[in-house]
Amino acid sequence: MTDNSKYLSHLELGERDETFLDSNELIINMGPQHPATHGVLRVILKLDGEKVLGTECVIGYLHRGVEKIAENRTYAMFNPYVDRMDYVAAVSNGLGYCEAVEKLLNVEAPPRAKYIRVILTELNRIASHQLWLGTHALDIGAITPLFYTFRDREEILKIFEKYCGARLTTHAFRIGGCQYETYDGFERDVKKFVDFVTPKIDEYEELLTTNRIWVERTKGVGTISDKDCIALGVTGPVLRASGVKWDIRKALPYAAYSEMDFEIPTGQNGDTYDRYLVRMAEMRQSLRIISQAVEKIPEGPIMAKIPKVLKPPVGEIYHSIEAPKGELGYFVVSDGSTQPYRLRVRPPSFVNLQALDLMVRGQLVADVIAVIGTLDIVLGEVDR
Amino acid sequence: MITQLKRQYGSGIEPLSYLGQNYMIVDRSLIPEILQVLRDEEQFDYCVDITAVHYPKREKQFDVLWILYSFPRNERIRVKAMIAEGESIPSVTSIWGTANWLEREAFDMFGIKFDGHPDLKRILLPDGWKGHPLRKDYGIIEQDKEWVQINLGIESGQ
């Protein structure tokens, strides 16, 4: 047996003197309505002075029962709901869901649809990372990056809006491919965006990478080792910043990623600074993927031949993709009817948030804010 | 790997495959032993997900599922065990730390008890809530009326 007790600690809240006069320990409540918790996350902190002794996350404030809703909707009707989990990366959610159901139906999207999917998903990854960078830097005290990133993220949302009419909850893909053909000038817009945003990423880095305050606030903060990451199931940039070179786009390729040439950026120290560097590098890699995809995008149909009424044969499937936050998986059970018998979402934010306790123990209260930011959680996905 | 496990555990394991994905149905009595073996000897070091499926018409109503991934082998496998209503299943928190919240969620949504879990309580729903929403007999607009009345002071309803 391995000793996993360090991952499992929880606060014993009931057994103490209510006056708190017996020790220096203090229990305070952060959230659920706190701007730095990125949504309705409540964290109970046990402190000794400014040092964190332990935490407990209280979640579920945004629970809508997405998995239950799925059992009561047809496969196609449920598609827009997945956008509302991780609402800053709606396109990724849709990609994972559509591909899972396609696998269950044993159909494959046509090559052109796969390329459109890759382009939009990577644009969404950049948008998600930009939003993360802006808010994370704001939490730590740098206001300027927020304006820069939101200004540039706007260009991505414009492309989404032109493509499918929506900016945030896009519902961009359908089971079997894409509903919409690219609009006139899509390729031009995407290329223009790549040229526009490449120097902007350098600009963000100029503001932060060597900024003394930023470095002091992030280096050595919220450190997590590769072993702890794997034990806690942490994925995405957090895992990679701890030195594990693992990305589902490479390990178990989906869509058209096997035809793309890109690197997996990794860090060594597993601290907040390395996670920042990894995400910055990931944005550049995404731009690389987008430029390749837009050059190579094949002609042809965008929708596979699928029946009007979707009735996947009895069976079950697990399919996961590399969402901006980590491994986003769908476990779908079909009983042969038009509705999923069971649909389980494996949310990266939920699993990653579990690492918060280990990452902040022994750190300062102010670092809790930095660590929540660096985990890049979206409460819509944590609570579903 | 599976043939070796099969030789070792005999009829307790039924290896299956669907659409190229491997999974096995394992007898309840082999949990957590088989999961420990999978992690220690077969290098399935990453527990992706723990969840359940409810089949109310079956005698053993619940499927409990462990989705595992191995970094060295780059391979996924699902392990499935069936349990009846009211029956519990050993916790795997001592094998994978990530099981903590995942088991709490399965408990919250299905009412499945995990023996040996250090802090098995609801995670997404409030502590005093009655009922387990992902069971098939729980309606889609059903709520804990009493809880809503006491805590929110409103009549339950959509």
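## Terms and model

Buried means under 20% relative accessible area, exposed means over 50%, and partly exposed lies in between (1.4 Å probe, protein chains only). By that scale B:Glu87, at 28% relative accessibility, counts as partly exposed.

This is a predicted model: local features need pLDDT of at least 70, side-chain atom pairs count only at pLDDT 80 or more, and totals for chains, interfaces and linings use all residues. Residues are numbered from 1 along each chain as its sequence is written, chains are lettered from A and ligands numbered from 1 in the order in which they are written, and side-chain values use heavy atoms, with hydrogens and water left out.

## The A–B interface

Chain A puts 50 residues in contact with 50 residues of chain B. Contact here means heavy atoms within 4.5 Å. The two chains bury about 4,400 Å² between them, 56% of it on carbon and sulfur atoms. Buried area is the accessible area (1.4 Å probe) that two parts lose on being put together, summed over both. In chain A, the residues losing the most area to chain B are A:Lys68, A:Glu316 and A:Tyr341, together 15% of what that side buries.

Eight salt bridges run between chain A and chain B. A salt bridge is a side-chain nitrogen of Lys or Arg within 4 Å of a carboxyl oxygen of Asp or Glu. One pairs B:Asp49 with A:Arg344 (2.8 Å, N to O). By class, the side of chain A that touches chain B has 26 nonpolar, twelve polar and twelve charged residues. Ala, Val, Leu, Ile, Met, Phe, Trp, Tyr, Cys and Pro count as nonpolar, Asp, Glu, Lys and Arg as charged, and the others, Gly among them, as polar.

## Salt bridges within chain B

B:Arg28 and B:Glu87 form a salt bridge (3.5 Å, N to O). The pair links distant parts of the chain, 59 residues apart. B:Arg28 is partly exposed, at 23% relative accessibility.

B:Arg73 meets B:Glu42 in another salt bridge (3.1 Å, N to O). These partners stand 31 residues apart in the chain. B:Arg73 is partly exposed at 29%, whereas B:Glu42 is buried at 10%.

## Salt bridges within chain A

Shared partners join A:Glu122, A:Arg125, A:Arg240, A:Asp247, A:Arg249, A:Glu282 and A:Glu322 into one salt-bridge network. A:Glu108 and A:Lys114 also pair (2.4 Å, N to O). A:Glu108 is exposed, at 56% relative accessibility. A:Lys114 is buried, with a relative accessible area of 16%. Over all chains, the structure holds 44 salt bridges.

Terms used. Helices (H or I, at least four residues) and strands (E, at least two) are DSSP runs, numbered from the N terminus.
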